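Please look at the sequence and the structure before reading on.

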There are 2 protein chains.
Amino acid sequence: MNVCMNEIATCEWLTIPAALPNAGMRQAAVIRQSQLTKPAGALGRLEDIAIRLAALQGTERPCVERVHIAVFAGDHGVAAENVSAFPQAVTAEMVKNFARGGAAICVAARALDASFEIVNLGTVHDTGPLAGVTNCRLGPGTANFTLEPAMDVYQLARALGIGRHAAERARLNGAQLFIGGEMGIGNTTAASALACALLDVPPERLAGPGTGLDSHGVARKIEVIRRALACHSMHHGTPLEALRRLGGFEIAALTGAYIACAHIGLPVLVDGFISSVAALAAVRLCPGAGGWLLYSHTSAEPGHRTVLDALDARPLLDLGMRLGEGSGAAVAVPLLRMACALHNDMATFAEAGVSEKSSQC
Amino acid sequence: MNVCMNEIATCEWLTIPAALPNAGMRQAAVIRQSQLTKPAGALGRLEDIAIRLAALQGTERPCVERVHIAVFAGDHGVAAENVSAFPQAVTAEMVKNFARGGAAICVAARALDASFEIVNLGTVHDTGPLAGVTNCRLGPGTANFTLEPAMDVYQLARALGIGRHAAERARLNGAQLFIGGEMGIGNTTAASALACALLDVPPERLAGPGTGLDSHGVARKIEVIRRALACHSMHHGTPLEALRRLGGFEIAALTGAYIACAHIGLPVLVDGFISSVAALAAVRLCPGAGGWLLYSHTSAEPGHRTVLDALDARPLLDLGMRLGEGSGAAVAVPLLRMACALHNDMATFAEAGVSEKSSQC
């Protein structure tokens, strides 16, 4: 049963301007940092995080205890081109694994005490009803984009809207931070193709091993993306059309979720390669959205650095992770929480009676 | 009152061999990682951490929920050479701040639910009795090592033993991970001088701004270290003698604690620049100790990279931190905990009924 039938298939909402961070609270947080009992700047990027979250949350004392994680799953027609190290059945199998709590992101969500939801936008294999999984089936995966657009206009609009609704549910549930995850065999190929179109770079700059292709597999993946770009080259001039032709259900849902978070003023912690490509699409569609996106980690997928550079993003972690599901973002949450705790709870020089820096040094 | 008077002033225990990690449990953890529902290697360095902790803790399922943090404080005679951006009174003032819970490491320890102790080995200014602070006063700070050895042989032996006892208390309290922190105005100068002697590199390779020296201050610090190295050059041939002449009470305590952890088989998470120099001394004194040391972060203090390279260490974080106190190690603890949770709690392919990688890809 499709529970998302009443999704309105329009993309007009994407053009709403993003909310503005609170400049006054940013300044208050900067002043507070300068008064804490430590040499100025000694907490490094943890200081920047606390100040940025203060601006985004509109408070001198930010908090990310309440985290919402939404994992979007969908299959990809381009999997028929043999671009993944794993069979396509794994997408639906992993949706079941998410529902049973056995996947990495489930373990991380429990460790973080985060709220967690799974949205199935269209796996080839039917999972049947599963507790904790919202079924928003847009089709049995996308079309093979080496032959035709991955999505029709209604599928695209609905995938974006499904992401938007996840962001709005997160806000209604009191979330202070949003994490989007993805699962879909073939989705590094889709994300690479989409990023090639958005950045106008050749596929060898972005295509990598994904879940574990060898060098022959990567060469095949590059050739598949090259064919897809040639097939759609006359048509992917706008970011929205590039997303429709080369993206995927879960990538579009992430894009919609990120833009909606920027509209409603909910900070986002972006995961790895695929999520960053969705972030790139989001920023192209809604330039102000970039202010609401924090970047968690640099993926081992080699194309990630090119995408991060285009976003002027400097992730917090570089641990060689390349799992997706939102796992890298989840692993970085404790750094944000620690940044907030230090900012909020350290004593000031005045409170502690500690001498400040000498004027001559 | 000095509560550590019965410390035995001998260094013979340093030569006890380190415990050996459990190779069988390491292999069991490697096998478990290969069975979890993710592409092989997709959790990057989190997999390596879990496997290494399994070997160190002698269990297939490692755990670092119980963390002990010991902060060692002491003053430095070399502060008379105007090598710090902060006045020497700050060491004792920060000991009071630790006792009242207002310092960064206190906030982090609470966030981690870690046990926390402060050991005052000798501040110039008397703090009086403070709850949570063990008073092990070895003198009113070390001697100015541009003129004479920083410590006499009894002070050195007792500082090492005080660190050893902290490690043993941690083990008795059930700690699964040990973090040492330090506080002492002037201690980047002492640590730089000691590392220069141990690594035979010139002071300009290792001396940096510390708590916030400007370029003139750094030049002065380099000159001070150069004088100290010249003063002691005939005598710092052994690591122990280098530690005595150029180190500090808290640096020697960290060195003793690290070696004792290696003896009793308690994994250590090393903090930043000063802690890493203590780790270097520990490894020179007890080569097997290196196997018990994990490295948390790369400090903004520029000399840290040289010390890390000498230790063949690759820290987990690089956030521009340079606070000391053990703060960088504390910030990295959630990464270790997440590595353990993922390793212990993810489903295997067999448990989840997820297909494995295709043979051809």
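## Strands in chain A

In the sheet of chain A, A:H68 stands opposite A:S115 in β2(A). This belongs to the pairing of strand β1 (residues 67-73) of chain A with strand β2 (residues 115-120) of chain A, which is parallel and has six bridges. Strands here are DSSP runs of E with at least two residues, and helices are runs of H or I with at least four residues, numbered from the N terminus. Two strands count as paired if DSSP finds at least two bridges between them.

β2(A) also pairs with strand β3 (residues 133-135) of chain A, in parallel, through three bridges. Here A:I118 is opposite A:V133 in β3(A).

The model is predicted: local features need pLDDT of at least 70, side-chain atom pairs count only at pLDDT 80 or more, and totals for chains, interfaces and linings use all residues. Side-chain values use heavy atoms, without hydrogens and water, residues are numbered from 1 along each chain as its sequence is written, and chains are lettered from A and ligands numbered from 1 in the order in which they are written.

## Strands in chain B

In chain B, strand β1 (residues 67-73) and strand β2 (residues 115-120) run parallel and are joined by six bridges. Within this chain, B:F72 stands opposite B:V119 in β2(B).

Three bridges connect β2(B) with strand β3 (residues 133-135) of chain B, again in the parallel sense. B:V119 has B:T134 as its bridge partner in β3(B).

## How the copies are related

Chain B is superposed on chain A by a rotation of 180° with 0.0 Å of shift along its axis, giving an RMSD of 0.0 Å. The two copies are therefore related as by a two-fold rotation axis.

## The interface

The contact (heavy atoms within 4.5 Å) takes 59 residues from chain B and 59 residues from chain A. Of the interface residues of chain B, 100% are also interface residues in chain A, so the copies meet through the same surface.

About 4700 Å² is buried between chain B and chain A, and carbon and sulfur atoms give 65% of this area. Buried area is the accessible area (1.4 Å probe) that two parts lose on being put together, summed over both.

Methods: Copies are superposed by least squares on the C-alpha atoms of residues with pLDDT of at least 70 in both.
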